[in-house]
Amino acid sequence: MASTTTSVDNSPPGDERVKRAGMLRRTLRRPEAGALAGAIVIWLYFAFAAGSDFAGMNGTSLFLETASELGILTVAVTLLMIAGEFDLSVGSTMGAATMATGILATAFHLPLPIAMMFSLLIALGIGFFNGLLVVRTKLPSFIITLGSLFAVRGATIALSLAASGTSNVDALAQKIPDWTSIRPIFHSAFFSLERITERTSFTGEVTQVVSSTDFDVSILWWLALIVLATWLLLRTKFGNWVFAVGGDENAARNTGVPVNRVKIILFMGTAAAAWLLSQIQLFGIQSAAALRGDLQELYAISAAVIGGTLLTGGYGSVIGGALGALIYGMVRLGVPAAGIDSELFRVVLGALIIIAVLVNNFVRKQALGGK
Amino acid sequence: MKKFFSLALVLGIVVVTFAAIPAAAQDCATTYRIVVVTHGQASDPFWSVVSNGVADADAEYDCVTTEYQAPETFDMVAMSQLIDAAVASNPDGLIVSNPDPSALEESIKAAIAAGIPVISINSGSDVAAELGVIAHVGQTEYEAGFGGGQRFAAAGVTNALCVNQEVGNVALDLRCQGFADAMGEAGGTSKVLEVDLNDPTDTQNRVIAALGADESINGVFTLGPTGAVPVLEALRDEGLIGVVALATFDLSPEVLSAIQAGDMLFAIDQQQYTQGYLGVVYMYLYLSNLNTPGSIVVQTGPGFVTADTAGAVIEYSARGTR
């Protein structure tokens, strides 16, 4: 199971060890096959159950926004998981990065770009520290980052309270001078459509409601990261190292792969993704809270797993993780759009994770079965 | 970087520790140590006002020192452990919030059995007498929700969402119940929408989805500012301000400016500053003079902040006392 996904079609014809696989089999071998099928089925289900509220332009813009936010995390988390490691601290890092920007720009009156830079440095520092501890102590990253999950969250709350007396900074647009000039980079619509609908207001008048369907810039961030990470993974030396480290760490080290450096970089990558998402949410909701990002680490791992990435490392794909995030977004939005009780969302997500892994395992076993 | 972090962490811990050591009180025959344990998450602006009330009462009364504690998330097991730890430290008085009476009953009863006088604040009014606390300072949740529902129905709302950002908090369930009953009495309906307190984008989008799924929804009732602010953004994005009515429990600067601007109908104000402040005062009077309030439940709400009164309240809210 632990090996690479690169195909071996470059051998000379007539080599009996190499067998050309059929089109279907080659498709099914890809880690994202199960997730793609799942995404199509789920889209069809909610398109049927919720109609245009889900499948229309507005519904699409909403589930893409939700998917893109988790997707940004998932891209980095997938790379790390392919290298055989976990990061449970991304949610806490989000809280730290949110509060760092919020407090530095308000209580300490730093210019917003500088505050955001400091916040990025703090996030990268957390990632570096996680990576360093993992490679130095040889403890499972599950344990190391479980520790930082609590420590970073606690330190965020304690330091926020000590520095500014609050763990929740709101009304940032009024408090920070260059807010509106930087905001569009992280939160704005890159494509809008005006919609006019009729709705009876609570005062009983039939009102023309003018609203816009906004495709948020977070979707572009997400797509850019997917392209970048896919290229990195499949077309560069670093990408080969990632698969090698996750496949067999000792073998990788023996063939000269700088295992420690790869791991530390990937941990810093998840932290940077956490920073990016925290800033997107910060600019979106215009307030910072120390508990922001709670549970996101588990949602990101879920999306990666739904996308076919193995928990043991060495196998997975960024596209698969992206499809996993898309499924998450569709279920998250589809449940209320279809009028299903909102409490059921987590039941559906839980079932999906288990089903996805079962299906992925089955499909892979069939496809990799040689014949 | 690593050094910087250890340094920052140590510094942080030192600062927090020093902040927690109460200033020495002077000229007191007895200094009363009062421990306050609430379920207020540190990141919730609502609870920082309660804790400011506690701190101000502490500063006002020389012969009182207070300690304020709360679990990091809405976790009744963690909270009951905090109460047990407080009881073990044998304080002169204990002040607790009681959002889940069945979960906290044992710990609170143990405190009373150990001879420590207990005052409950904020939530738990309906079990106060039965538990044997000397007073409850707060608002009755069901009635407050009912009052909100009546106002909503009077404004013309017939089909509402009750947005719950803290599922499992019995007090919040009661608010939604009271709200739904008042709506029902007026011939309307109400449905609960569960949202995640810590994921504002998701809250926003799910409210939009719910409003799209049922076009007849013409009101949203939120149970606190952490729910109200994302819903407000959602209604603004969708051009639904003035079409879908919005009201909330509890105040924050953003809620107040929205009410002033006419984007929200009203906020139900339970004046939580007085819950912290009066909780300490009643405990001090009990300890030093054996005074108890005339009725066991001291009502701090519901008051309604509307467009007429929001302006006056804003400056106090910015100060962290409303």
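I began with Arg33(B), which forms a salt bridge with Glu67(B), the closest N and O atoms being 2.7 Å apart. This pair links distant parts of the chain, 34 residues apart, from strand E1 to strand E2 of chain B. Arg33(B) is partly exposed at 22% relative accessibility, and I noted 23% for Glu67(B), also partly exposed. I keep in mind that this is a predicted model.

Next I looked up Arg322(B), which forms a salt bridge with Asp269(B) at 2.6 Å between the closest N and O atoms. Here, 53 residues separate Arg322(B), in the segment after helix H12, from Asp269(B) in strand E10 of chain B. Arg322(B) is partly exposed at 24%, whereas Asp269(B) is buried at 3%.

Then I went to a pair between chains. Asp202(B) and Arg332(A) meet in a salt bridge of 2.8 Å, N to O. The pair crosses from helix H8 of chain B to helix H15 of chain A. Asp202(B) is buried, with a relative accessible area of 1%, and Arg332(A) is buried with 3%.

I also found a network of salt bridges linking Glu85(A), Glu249(A), Arg253(A) and Lys263(A).

Strand E2 and helix H10 of chain A each give two or more residues to the patch, and E2(A) has the largest share, 3 residues. Phe191(A) lies in strand E2 of chain A and is partly exposed at 38%.

Last, I checked Asn164(B) in strand E6 of chain B. Asn164(B) is buried at 2%, and its contacts include Leu172(B), Asp173(B) and Leu223(B).

Terms used:
Residues numbered from 1 in each chain as written. Chains lettered and ligands numbered in written order. Predicted model: local features only at pLDDT ≥ 70, side-chain atom pairs only at ≥ 80, totals over all residues. Heavy atoms only, no water. Helix = DSSP H or I, 4+ residues; strand = E, 2+ residues; numbered from the N terminus. Buried < 20%, exposed > 50% of the residue type's maximum accessible area, 1.4 Å probe, protein only. Contact = heavy atoms within 4.5 Å. Salt bridge = Lys/Arg side-chain N within 4 Å of Asp/Glu carboxyl O. Lists of a residue's contacts leave out its neighbours within four places in sequence.
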